[in-house]
Amino acid sequence: MKRLHACGRVAVVAALWILFAAAAGVLSANGTPTLKIVLGRAGDYVVRFERELATLVAEEHYTQEVVGAEPIEHRELRSDLLFVSPVGAHRYVEFRDVFEVDGRPVRERDGRLSHLADNASGVSMRQIVTESARYNIGDIERTINVPLLPLMFLFPDNQGRFKFRVQKGTQPLSASTDIPSSSPRFTVSTEVWVVEFREVERPTFIRFVDGRRDIPVHGRFWIEPASGRVLMSELIAEDRTVHATIDVSYQSEPVLDLLVPIEMRETYSRAGQPTRITGIASYGGFRRLNAAR
């Protein structure tokens, strides 16, 4: 069984302190910001995003399928997605707390989130990763199927691990129509830059669970240049045996002045195998943990 996770290198990187520093830069000759400035704004944005995640909860409706010529296996999950700070980490990470599988309750929901938040100091990264991936299906074991993982690449301390460029063929300051077909809910109503990224440092963020092989990532961000807000992310992780694509769309949410994930679409496949794993997760009901449901 192939095992993809974001917990070897990512667990280490997630424990680093983030230095709050705006990227320096100048405007281009025509008065538009440079890529360096836009990435600096995006870095500031994800730092603020992380700070605002404390006590934030969303409800996730997650459908997974293993498909070939026809569906082979199907699973419906309903979960609370909680952002907690585990032992040894100085960042909030996503904890998928499943309360219903294929329409059947698997645990009591009331009071559990408050208990988890109140005892976050006793929650280890391994516990979070294991529990979040517990009900995944298919023969590719994975822990990267959480919606905010790509935003980690934009943290100021992490940007140096990647090469960024504005995608060729797109106008930096116009509404982009270059949208993955897998994300029909994503719409652009503001100026965006389509920024490509490619991981160049080793060890990589995502590795096989045994830690012996790197899986470099590449993809794109749709970034609002004036604010640095991320409207959509596309993450592709692949090597000679496994291919994974995860697209996440974000939109405004009254709970906080940020763009929160509203949908995640993913596909996983293995070289030489006719089947693939697909997933669609939608997010809603965002609330502060201390607010009444």
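Student: Why does R107 count as buried?

Tutor: This is a predicted model, and the label rests on a value computed from it. R107 has a relative accessibility of 15%, and buried means under 20%, so R107 counts as buried.

Student: What makes the pair D80 and R107 a salt bridge?

Tutor: The side chains of D80 and R107 come to 3.6 Å, N to O, and the cut-off is within 4 Å, so the pair qualifies. The two residues belong to distant parts of the chain, with D80 in strand β3 (residues 71-84) and R107 in the loop between β5 (104-105) and α3 (112-118), 27 residues apart.

Student: Is D80 buried or exposed?

Tutor: D80 is at 0% relative accessibility and therefore counts as buried. D80 also meets R287 in a salt bridge, at 3.6 Å from N to O, and this pair links strand β3 to strand β15 (residues 276-288), 207 residues apart. R287 is buried as well, and a network of salt bridges links D80, D97, R107 and R287.

Student: How do you know that R165 and E196 form a salt bridge, and which parts of the chain does the pair tie together?

Tutor: Their closest N and O atoms are 2.6 Å apart, which is within 4 Å. R165 lies in strand β7 (residues 162-166) and E196 in strand β8 (residues 193-199), so the pair ties together parts that are 31 residues apart in sequence.

Student: Why is R165 called partly exposed?

Tutor: Partly exposed is the range between the buried limit of 20% and the exposed limit of 50%; R165, at 43% relative accessibility, therefore counts as partly exposed.

Student: What makes β8 largely enclosed by the rest of the structure?

Tutor: Of the 7 residues of β8, 6 are buried, so the strand is largely enclosed. As for its partners, β7 and β8 run antiparallel and are joined by 5 bridges, with K163 opposite R198 in β8. Strand β11 (residues 217-223) also pairs with β8 in the antiparallel sense, over 6 bridges, and V195 stands opposite F221 in β11.

Student: Which residues have the most contacts inside the largest nonpolar core?

Tutor: That core has 63 residues, and those with the most contacts inside it are F153, L154, F164, I206, V217 and F221. Helix α2 (residues 35-52) supplies the largest share, 7 residues. Leaving aside neighbours within four places in sequence, F153 is in contact with residues including F164, F197, V217 and F221.

Technical notes
Residues are numbered from 1 along each chain as its sequence is written. This is a predicted model: local features need pLDDT of at least 70, side-chain atom pairs count only at pLDDT 80 or more; totals for chains, interfaces and linings use all residues. Side-chain values use heavy atoms; hydrogens and water are left out. Helices (H or I, at least four residues) and strands (E, at least two) are DSSP runs, numbered from the N terminus. Buried means under 20% relative accessible area, exposed over 50%, partly exposed in between (1.4 Å probe, protein chains only). A nonpolar core is a set of buried Ala, Val, Leu, Ile, Met, Phe, Trp, Tyr and Cys residues joined through side-chain atoms within 4.5 Å. Contact means heavy atoms within 4.5 Å. Two strands pair if DSSP finds at least two bridges between them.
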